[in-house]
Amino acid sequence: MKRFYGLDKLNWALLIAGGVFSIVALLCAGLSAPALYWVFFGLACVLLVFVCLRMFSRNTAKRRAECARFERLLAGIKRFIAPDFASIEAHRQFKFYACPQCSQRLRVPRGKGKIRITCVRCGHKFVKRT
């Protein structure tokens, strides 16, 4: 196995997806849906064969590039779905306003009452409640 690529995050994801498709195929077989059974069983087989081909590949540079693309995609999905906890904490401590003149996003502390805010970009001054 020294010269082969082995398992990475993409292979694990494909392996899990193949397992899920095989379980769904078994459920479809129990529900007397032969067309759906063959569709999901076929998808599971294709994914598992693809995992084996990637795992025993000797073209490690190409497999690493595929895995890097997958990890970038996964990171984008995580950023979209999971909230940034630092951002949540910032919204607890600060209020955010847009400057009426230049639309610069400004951060002011909460709980100070009415305050005069000066835009750092254009110097426009306006009053808001925090």
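**View 1. The hairpin of β1 and β2.** In this hairpin, 6 residues lie between the strands, and S103 adopts a positive phi near 65°. The model is predicted: local features require pLDDT of at least 70 and side-chain atom pairs pLDDT 80 or more, while totals for chains, interfaces and linings use all residues. Numbering runs from 1 along each chain as its sequence is written, and side-chain values rest on heavy atoms, with hydrogens and water left out. Strands (E, at least two residues) and helices (H or I, at least four) are DSSP runs numbered from the N terminus. Strand β1 (residues 94–98) pairs with β2 in the antiparallel sense over 5 bridges; pairing requires that DSSP find at least two bridges between the strands. F94 has P109 of β2 as its bridge partner.

**View 2. The two faces of strand β2 (residues 105–109)****.** Buried denotes under 20% relative accessible area, exposed over 50%, and partly exposed the range in between (1.4 Å probe, protein chains only). In a regular strand, side chains alternate between the two faces of the sheet.

**View 3. Arginine charges over phenylalanine rings****.** The charged end of R105 sits over the ring of F96, 4.2 Å from its centre. R107 lies over the face of F94, at 4.0 Å from the ring centre. The criterion is NZ of Lys or CZ of Arg within 6 Å of the ring centre and within 35 degrees of the ring normal.

**View 4. Aromatic residues Y37, W38 and F41.** These three residues form one aromatic cluster. The structure holds 4 aromatic pairs. Among them, Y37 and F41 are stacked, at 5.6 Å centre to centre with 10° between the planes. Rings of Phe, Tyr and Trp (its six-membered ring) pair if their centres lie within 6.5 Å; planes under 30 degrees apart count as stacked, over 60 as edge-to-face and the rest as tilted. Y37 and F41 are separated by about one helical turn because they are 4 residues apart in helix α2 (residues 34–55). F41 is partly exposed, with a relative accessible area of 33%.

View 5. L10, N11, L14, G18, A25 and C28 are buried in α1. They cover an arc of only 100° around the axis and therefore lie on the same side of α1; the arc is taken from the directions from the helix axis to the C-beta atoms. The buried residues pack against α2 and α3 (60–81), contact being heavy atoms within 4.5 Å. The face turned away from the buried side carries the exposed residues K9, I16, I23, L26, L27 and G30.
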